[in-house]
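The sequence and structure are shown first.

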Amino acid sequence: MSATSVIGLQWGDEAKGKIVDLLTEQHDIVVRYLGGNNAGHTVIFGGETYKLSLLPAGILHDSVVSVIATGVVINPKAFLEELGRIVERRGNVPPERMLISDRAHVIFPYHMAEEAAFEKARGGDAIGTTMRGIGTCYRDKAGRTHAIRMGDLVNPERLRRRLEEIVPQKNRAIAALDDDFTPFEVDAIFDEYSKYADQLRPYVTDTTSYLHKAVAGGKKLLFEGAQGCLLDIDHGSFPYVTSSNSSGCGIHSGSGVSEREISKMIGIVKAYTTRVGGGPFPTELDDEIGQHIRDVGNEYGTVTGRPRRCGWFDAVATGYGARLSGVDCIAVMLVDVLDGLDEIKICEAYDFNGVRTTDFPSHVEDLAQMKPIYRTVPGWKSDTTGVRKRADLPANALKYVETVAELVGYPVEIISVGPDREQTILD
Ligand code: IMP
């Protein structure tokens, strides 16, 4: 067992990228196994800021192999643009350092068009997706009949045959939902995607077999989670979720590597809660404290730029995410964002129609009814960004982190007090 995994325990954007980056040096291979270019990771490396969406954070380290595994959905244009930006700043990335699964599914322009039509049809009840064609690509994967995988993309005959079957059907389906829709043309998509295929071909391989051999050879793997547990398609706040298993449950299916190989599962949490998109959010703060957190924490989406909804830490939701994923410990991120507050609240239970519960509900209608029961703790009103040791944290800040650990039910091993690598408390 020599693998580590990093999983977001809330609704995504827990600053996983920073921890992945910190751990990358101790590993040989970084594996991204779910989602697509809906994810956004900000990594500060060598004093420079990198915004990654589809590429694993391992891409910034020359000695590490980055793998985009089976469970990922790939927009080839977005991938090549992102890779191009990295190559411009950090030099060439040879195919032996960047592997893409031939089983991963491909996002086409009709996926974005379908998603826009579906979201529009839901009106005020929209999921609030990132509009990257993620859900509609996974829909085709599960439906099988309209799916195109990376292995098909890089085979020109197969690609043309599949597009000829699929595109006319997609045109009819989207036209039925959207009167203003301009139909897609097989030739145009084939020409555009053939160019991407030519550039991607050297990277496309059987990553499952590669990873199995790597495990057998004693290589150290780091699984880089995307989104968060509460956005998991099976276990999250459905239907306001993403379309893959974004809790720890997705590692095995998304990579083909058994979770029995994982020796350490690290759950990442923010010291408060954020969410983007629609759906109930029991501890949401629609007031000046919420705005303060948004401003100080720069809580605007890496991918879409949307302002994130902000609220107090929710130990019920986070504890559920932690148990789902089977974490060993947690990392509490962005503690410094709370530095200026007089007092801080932590949701320790929900009141559901007068009954106290610490169970996260199955249905969003019930989640919408949950009233948070808060524990109020004093703030520390001092700057923690320069602190490097637990013992040097203000007493109330340490108490806050310990309360989070107690309520979530797992020990805190990492505390983060700023975006830089150095701003991390590991003792
Ligand atoms: P989709 O993944 O684009 O289908 O969006 C579904 C839901 O997941 C929406 O509420 C998105 O805002 C949310 N979501 C998707 N990716 C992320 C992420 O990386 N961080 C936070 N929320 C995300």
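## Ligand site

The ligand is surrounded by 17 residues, of which the closest are Asp 13, Asn 38, Thr 130, Thr 242 and Arg 306; a residue is near a molecule if one of its heavy atoms lies within 4 Å of it. The shell divides into six nonpolar, nine polar and two charged residues. In this grouping Ala, Val, Leu, Ile, Met, Phe, Trp, Tyr, Cys and Pro count as nonpolar, Asp, Glu, Lys and Arg as charged, and the others, Gly among them, as polar.

The model is predicted: local features need pLDDT of at least 70, side-chain atom pairs count only at pLDDT 80 or more, and totals for chains, interfaces and linings use all residues. Residues are numbered from 1 along each chain as its sequence is written, and side-chain values use heavy atoms, with hydrogens and water left out.

## Polar contacts and cover

A polar contact is a pair of N or O atoms within 3.5 Å. An oxygen atom of the ligand lies 2.5 Å from a side-chain N or O atom of Thr 130, and a polar side-chain atom of Asn 38 is 2.9 Å from an oxygen atom of the ligand. For Gln 227, a side-chain N or O atom is 3.2 Å from a nitrogen atom of the ligand. The protein covers 97% of the 470 Å² of accessible area that the ligand has on its own (Shrake-Rupley method, 1.4 Å probe).

Ten strands form an open sheet with mixed pairing, in the order 9-7-5-2-10-1-11-15-19-20. Its edge strands, strand 9 (204-205) and strand 20 (424-425), each pair on one side only. Strands are DSSP runs of E of at least two residues, and helices are runs of H or I of at least four, numbered from the N terminus; two strands pair if DSSP finds at least two bridges between them.

Strand 1 (residues 3-8) and strand 11 (residues 262-270) run parallel and are joined by six bridges. Ala 3 has Ile 262 as its bridge partner in strand 11.

## Backbone features

Most residues other than glycine have a negative phi, and most peptide bonds are trans. Ala 15, however, has a positive phi of about 75°; Ala 15 is in the loop between strand 1 and helix 1 (16-24). The peptide bond from Phe 238 to Pro 239 is cis, with omega near 5°.

Note on methods: A polar contact is a pair of N or O atoms within 3.5 Å; within protein, one must be able to donate a hydrogen and the other to accept it, and residues adjacent in sequence count only if both atoms are side-chain atoms.
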